[in-house]
Structures are given as C-alpha cells and as structure tokens.
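Let's walk through this model together, starting with its pocket and ending with its aromatic rings.

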Amino acid sequence: GLADGKGAPLYGAGYRNRISQSWPLSLEAEVVFQRDKDVVVIGVGQEEATRRAISGLVSLRWDGPKFGRFKPYFSGGVGPSQVKVEIDDGFTPLSDSNIELAYGARVGISYPVTRKVAVEAGYRLLGATNDDIKTHSAEVGLNYRF
C-alpha cells in the first residue's frame, strides 16, 4: 500500500470465512504491518521519526452483487495494534511503544482469475485510537480459495 501518499510500505495477510451461504457476509482475520517515516519538530530542530505498527484486525466483510465478473466489497473491523515510534537525533535516541485499539475499513472490487484465485484492488483506511496518524492506502491483493 501507499501510506499517506509517501510510498510507505504496508503489508497484510489474513483469512476469510463465509458466515452463511444465504448472506454475502464473511468474517476476516488479518495481520497488518506498516512502517512510516515522518519529520517531527523537537525544540528548534527537525528530526526524522520512524513509526512501526503491527495490527491484528477482526472484520466483517460484505460482498456486493456481481457486475459482469467484477464484485464490489466493503469491510470494517477493529483489533489490537502495537505501535512503536523511534526518533534518533544523533545524540539521544528516543523510543516509545504501546498497545492501542486499531480500526480499519476497506472498499474495492474483486475479479476472479480462476475458480480458486481472485485479484482485488481497493482502498484501505487504517488507524489507531491513541495515534494521530491514519494511513490511507491503495492496495492490490491476491486471494486463494481453499
């Protein structure tokens, strides 16, 4: 994903299981890793801060009606996130780490390549309650049906 428009990496892996055959709802569980660098002001100088977050989200996903072979989807969920921020000014490195409540939402389209493989493209919002940084990402994913 492209976090905050700066090309920061965001990686996710997960598992999705359909709740019912009659309803287009699924339960998703995923782990998301993101790393971002930002310039922060300390005193009168500017330093570069590195922020890393590992989030575990449990989400509810709705798969919409098909439009040709394309199928839209929407998911939203919450879970824990371990956020670590490091600032190294060359003299005294600073570091802080805490556990926060993460939240996320995704919207996009899915396109089946074969009966077992589908490609997805969409938008993701990922944030944490005590962290002022929200990540807006464009994402491309590959799904495999077992």
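This is a predicted model: local features need pLDDT of at least 70, side-chain atom pairs count only at pLDDT 80 or more; totals for chains, interfaces and linings use all residues.

Which residues lie nearest the centre of the largest pocket? They are Arg 16, Arg 61, Glu 120, Asn 143 and Tyr 144, out of a lining of 40 residues. Lining residues have an atom within 4 Å of a pocket point; a pocket is an open set of points on a 1 Å grid over the protein atoms alone, where a 1.4 Å probe fits, with protein on both sides within 12 Å along at least five of seven lines.

Residues are numbered from 1 along each chain as its sequence is written, and side-chain values use heavy atoms, leaving out hydrogens and water.

Now for the rings. The whole structure holds 2 aromatic pairs, meaning rings of Phe, Tyr and Trp (its six-membered ring) with centres within 6.5 Å; planes under 30 degrees apart count as stacked, over 60 as edge-to-face and the rest as tilted. Phe 70 and Tyr 111 make a tilted pair, 5.0 Å centre to centre with 40° between the planes. Phe 70 sits in the loop between β3 and β4 and Tyr 111 in strand β5, so this pair ties together parts 41 residues apart in sequence. In the pair of Tyr 144 and Phe 146, the ring centres are 5.3 Å apart and the planes at 80°, so it is edge-to-face.

How values were computed
Helices (H or I, at least four residues) and strands (E, at least two) are DSSP runs, numbered from the N terminus.
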